[in-house]
Amino acid sequence: MKTKVLKRWLILAGVFLLFIFLLAPIIITVIISFSADNILRFPPSGWSLKWYGEVFANRDFAGAFRVSLVVASGASLLAAAVSIPAAMAIARGNFRGKAAVESFFLAPLLVPAIVVGLGLLLVFSPLGLKGTYQGLILANAGLVIPYIIRTTLLSLTTMDARCEEAAQTLGARPLTVFRTVTLPLIIPGVLSGVVLAFLLTFDEAVVSLFLVSSRVRTLPIAMFDYVQTRTDPQLAAVSTLLIVLSLVIVVIIERIMGLRRVLR
Amino acid sequence: MANEVILGEAPKAVLTPSGGKPKGKDWPSFLKLAPGLILLGIIFGVPLAWLLRMSFNTGLPGGGIEEGLSLNSYSTFFEASFNLELIWRTLGLGIVVTAGAFLLGYPLALFLLRTQSKWKSLLLVLALAPLLTSAVVRTFGWIVILGDRGIINEALMGMGIISTPLSLANNELGVAIALTEILMPYMILTVATGSSRLNDAVLEASATLGGNTVQTFFRVILPLTLPGILTGCLLVFVLTISSFVTPALVGGGRVFLLATEIYDQAVQSLNWPLASAISFILIALFAGVLVGYQRLMARLDWNRS
């Protein structure tokens, strides 16, 4: 009996340590962001909110935040606009090569981001799309198409397609069926996909690295550049704001669809 | 969650043409697929084709490009021993990080699969949520922890255990530690979602048949979770060998890998043909690992049936 209790405690201690390892960088970043020191020191010698003030006064970060907001919104909406019809066709359509089309839509996950970034640099530079909102939105939309297709397909294949049939039999036009029957039923999948896409494009830091300019620069790239030149608690404060954004989106996804199902 | 209910029972419904002739015309499938296919073509198809073409040009000093159809970029790459080391270092890092993510992530995934705790779903979200936190943020966290004046070194020096800081950052060790933590959730995810066949019944059966803990692990738990483990290893490995942000920041410009070399050649040296050639070498490694994974999975299926 005693060994059993001991074993249980050993397992719990192990799990606790693994969680500490897994969450260490996030926890440390949040703590450091409230530091009153001018250098990175742990534990901080005093506490303050001054680094948050610095972040909001920092024009680089404020500008980059705005760029990221525009790029992430534009890219996730554009990706949704092209992904939802495609998911409908894959789930309901009857055409040859369907399996191939589906795997083609999911294939981008298999191309290294650094390679995509370089390829887009080569193509976008001569077109004048480097360092523009259009270029960043197009690239990021392409990157997140697979995620929206996947969550939408998950909803489409688990909903009861007979509802659509019923509406159709009762004389509803295809667009009406979609608007009044299909869309309300698949909205959890669509929404999970779109908020996930928003977060992923907001955080994207590899492909964008090749496509930004000093004028149009996203927040993760501004942070990347900042870390390379100096490290002070200001970056921890920006990071904490991004962690809060992630947390909000994690809660939204967990509520509407379940994080585990959306991520797999 | 309303959709949870539907999930379990709903038969895979098939849309059959109904009796009445539908009013209005639905868009044909290709029109619905076209916008997505075009966007994917612009973002992946065209750039990859362009990269392949570019890799057959020759880079000239100072950023010039000599158009042509030669393998100069590839031969330049393979002639330098520095570049061959890049390949080995990249693959080595991939193996170390995959092993680390397995050794740490697998036990945690098993715990999350089997625990009866009322905190189970919260713990699962906590284990997966890091996936949705910016890689730049988590990399910065590791710099704070591992740096020369980071938490670990300050603590050890404060306790008088060491007098000079251990080099935990700006080298491969730091990159491996940070990447293990950053990619570990993928291992947890694939094992936890791909192991639904591991349930109470099979564990009871094993116990009834007189299997002890070790036997149960090696003959029941491990085989049933093997597909999830393999998929997790594949994901962690390919994400490691193509990772850029973490090696660039934690490595402090002193850890040279294929991905960092692609960036340096493209952005610093402006040698686009060479950068393109390295990209295709990376893609070839990707493809090789993928084929190996598919062979292994096929063999697992075959053994089972």
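**Reading T260(B) and chain A**

Author: T260(B) is buried, with a relative accessible area of 7%. The model is predicted, so local features need pLDDT of at least 70 and side-chain atom pairs pLDDT 80 or more, while totals for chains, interfaces and linings use all residues. Residues are numbered from 1 along each chain as its sequence is written, chains are lettered from A in the order in which they are written, and side-chain values use heavy atoms, without hydrogens and water.

Reader: How is "buried" to be read for T260(B)?

Author: Buried means under 20% relative accessible area, with a 1.4 Å probe and protein chains only. At 7%, T260(B) is buried.

Reader: Which residues does T260(B) touch?

Author: A contact means heavy atoms within 4.5 Å. Leaving out residues up to four places away in sequence, T260(B) touches F244(B), P247(B), A248(B) and V255(B). Its side chain also reaches the backbone nitrogen of L257(B), at 2.8 Å.

Reader: In which helix does T260(B) lie?

Author: Helices are DSSP runs of H or I with at least four residues, strands are runs of E with at least two, and both are numbered from the N terminus. T260(B) belongs to α12 of chain B, residues 258-268.

Reader: How many helices and strands does chain A have?

Author: Chain A has twelve helices and zero strands. Its C-alpha trace spans about 70 × 70 × 30 Å along the principal axes.

Reader: What share of the residues in chain A is buried?

Author: Of its 264 residues, 55% are buried. Among contacts in chain A with a separation of 6 or more, 72% join residues 24 or more positions apart.

Technical notes
Buried < 20%, exposed > 50% of the residue type's maximum accessible area, 1.4 Å probe, protein only. Polar contact = N/O pair within 3.5 Å; in protein donor to acceptor, adjacent residues only side chain to side chain.
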